[in-house]
Amino acid sequence: MKPVELQRSQPEAGKLCLRLAVPATVGWFAGHFPTQPLLPGVAQLDWVMAYGVTLAPGMRFCSIDSVKFQRPIVPGSELELNLQWDATRCVLSFTYTLLSEEGGVAASSGKINLCP
């Protein structure tokens with residue numbers, strides 16, 4: 001299950017910026033730590049791939065080049081997801097930023113290799 005898309009922009013070719021709400025009803029939270037539900041990393045990567053097809057149609061997952069999880073994403077979070085497609089290297093880069101009244105803080109980032 002995907003998050004709720006609040007806003008979408010494509011500032012330039014090969015880039016996509018999304019503002020997302022992550023309600024507690026997102027199925028990924030079920031059973032992933034009963035005392036404090038956390039969004040699993042596999043869910044974050046799934047969303048990157050789901051939105052990434054907009055930038056790289058016809059491409060599919062090959063491998064993860066790098067991934068760094070910095071802050072947990074909990075139910076009720078609001079996120080910014082920035083995607084950048086490098087067609088020359090076939091790399092989809094992503095950053096998730098947790099949004100709050102104080103500004104934003106990095107939640108995770110990485111690079112995924114895609115292939116035709």
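Two strands count as paired if DSSP finds at least two bridges between them. Strands here are DSSP E runs of at least two residues, helices are H or I runs of at least four, and both are numbered from the N terminus. With that in hand, Cys 17 has Asn 82 in S4 as its bridge partner.

Before going on, the basis. This is a predicted model, in which local features need pLDDT of at least 70 and side-chain atom pairs count only at pLDDT 80 or more, while totals for chains, interfaces and linings use all residues. Residues are numbered from 1 along each chain as its sequence is written, and side-chain values use heavy atoms, with hydrogens and water left out.

Now the sheet. Strand S2, residues 15–22, pairs with strand S4, residues 77–86, in the antiparallel sense over eight bridges. The whole open sheet has six strands, in the order S1-S2-S4-S5-S6-S3, with antiparallel pairing. Strands S1 (4–9) and S3 (60–69) are at the edges with a single partner strand each, so one side of each has no neighbour in the sheet. From one strand to the next the twist averages 20 degrees. Helix H1, residues 41–52, packs on this sheet and touches S1, S2, S3, S4, S5 and S6; contact means heavy atoms within 4.5 Å. The direction of H1 makes about 115 degrees with that of S5. Axes are lines fitted to C-alpha atoms, for helices over the stretch in contact, and angles run from 0 to 180 degrees between N-to-C directions.

Next, the cysteines. Which of them are joined by a disulfide? Cys 62 and Cys 115 are, with S to S at 1.6 Å; the cut-off is sulfur atoms within 2.5 Å. Cys 62 is in strand S3 and Cys 115 in strand S6, 53 residues apart. The torsion about their S-S bond is about 135 degrees, so the disulfide is right-handed. A search of the whole structure finds one disulfide. The sulfur of Cys 90 has its closest cysteine sulfur in Cys 62, at 8.1 Å, too far for a bond.

On accessibility, buried is under 20% relative accessible area, exposed over 50%, and partly exposed in between, with a 1.4 Å probe and protein chains only. Cys 115 is buried at 15%, and Cys 17 is buried at 17%. Cys 90 is partly exposed at 24%, as is Cys 62 at 35%.

Last, a ring. Lys 2 lies over the face of Tyr 51, 4.8 Å from the ring centre; the criterion is NZ of Lys or CZ of Arg within 6 Å of the centre and within 35 degrees of the ring normal.
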